[in-house]
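The following exercises are intended for a reader who is new to this structure.

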Amino acid sequence: MTSYHVRPVAKVESPLDLATAPKQGDEGAPPARVVFEPEFHAAAADLRPGDRLVLLTWLHEADRDVRAVHPRGDRNRPSTGVFSTRAPDRPNPIGLHTVTVTAVENGTLTVTGLEAIDGTPVLDVKPVLGEVADR
């Protein structure tokens with residue numbers, strides 16, 4: 001099977017760890033920072049407070065051998081294949097997060113709605129469709 005090389009463009013700074021992270025960003029995630037690697041500062045130069053973005057992350061603490069889970073960790077629910085869930089444990093643990101930028105400073109974004117834990121690598125950043133397309 002073919003493999004692909006990806007490299008982080010930024011890293012998450014957050015007070016969250018695996019024990020404290022909510023299941024989704026709209027379930028009480030505190031503000032977090034997305035700190036871009038210096039070589040990607042120019043790529044983030046046009047981001048502004050109020051922008052809604054999709055962050056793709058590498059869930060670096062995930063178990064890549066998991067194929068089925070009890071949704072939301074609820075053992076009363078039937079076991080379900082990970083591809084029909086948002087479970088972080090999966091063969092390629094790519095996280096998908098819709099966030100809102102609240103501040104921008106020196107290659108760092110402050111965002112709301114990010115449930116990723118501290119140290120999570122950010123693989124890519126994309127605008128929510130239609131919201132920054134006019135720039």
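**Exercise 1. Strand pairing**

Which residue in β8 is the bridge partner of Ala10?

Solution. The model is a predicted one, in which local features need pLDDT of at least 70 and side-chain atom pairs count only at pLDDT 80 or more, while totals for chains, interfaces and linings use all residues. Residues are numbered from 1 along each chain as its sequence is written, and side-chain values use heavy atoms, with hydrogens and water left out.

Step 1. The bridge partner of Ala10 in β8 is Val122. Strands here are DSSP runs of E with at least two residues, numbered from the N terminus.

Step 2. β1 and β8 run antiparallel and are joined by two bridges. Two strands count as paired if DSSP finds at least two bridges between them.

Step 3. Six strands form a closed barrel with antiparallel pairing, in the order β1-β2-β7-β6-β3-β8. From one strand to the next, the twist averages 45°; axes are lines fitted to C-alpha atoms, and angles run from 0 to 180 degrees between N-to-C directions.

**Exercise 2. Phe36 and Gly107**

State where Gly107 is found and which residues it touches.

Solution. Step 1. Gly107 is found in the loop between β6 and β7. With a relative accessible area of 18%, Gly107 is buried.

Step 1. Leaving aside residues up to four places away in sequence, Gly107 touches Val34, Val35, Phe36 and His41. Contact means heavy atoms within 4.5 Å.

Step 2. Under that exclusion of residues up to four places away, Phe36 touches Val9, Ala10, His41, Ala44, Leu47, Gly107, Leu109 and Val125.

**Exercise 3. Salt bridges**

Identify the salt bridges and describe the accessibility of their residues.

Solution. Step 1. The structure holds three salt bridges, each a side-chain nitrogen of Lys or Arg within 4 Å of a carboxyl oxygen of Asp or Glu.

Step 1. Glu39 pairs with Arg7 in a salt bridge, with the closest N and O atoms 3.1 Å apart. Glu39 lies in the loop between β2 and β3 and Arg7 in the segment before β1, 32 residues apart, so the pair links distant parts of the chain. Glu39 is exposed at 57% relative accessible area, whereas Arg7 is partly exposed at 47%.

Step 2. Glu13 and Arg33 meet through their side chains in a salt bridge of 2.9 Å, N to O. Glu13 is in strand β1 and Arg33 in strand β2, 20 residues apart. Glu13 is partly exposed at 37%, and Arg33 is partly exposed at 36%.

Step 3. Lys126 and Asp124 form a salt bridge through their side chains (3.2 Å, N to O). Lys126 is partly exposed at 41%, and Asp124 is partly exposed at 32%.

How values were computed:
Helix = DSSP H or I, 4+ residues; strand = E, 2+ residues; numbered from the N terminus. Buried < 20%, exposed > 50% of the residue type's maximum accessible area, 1.4 Å probe, protein only.
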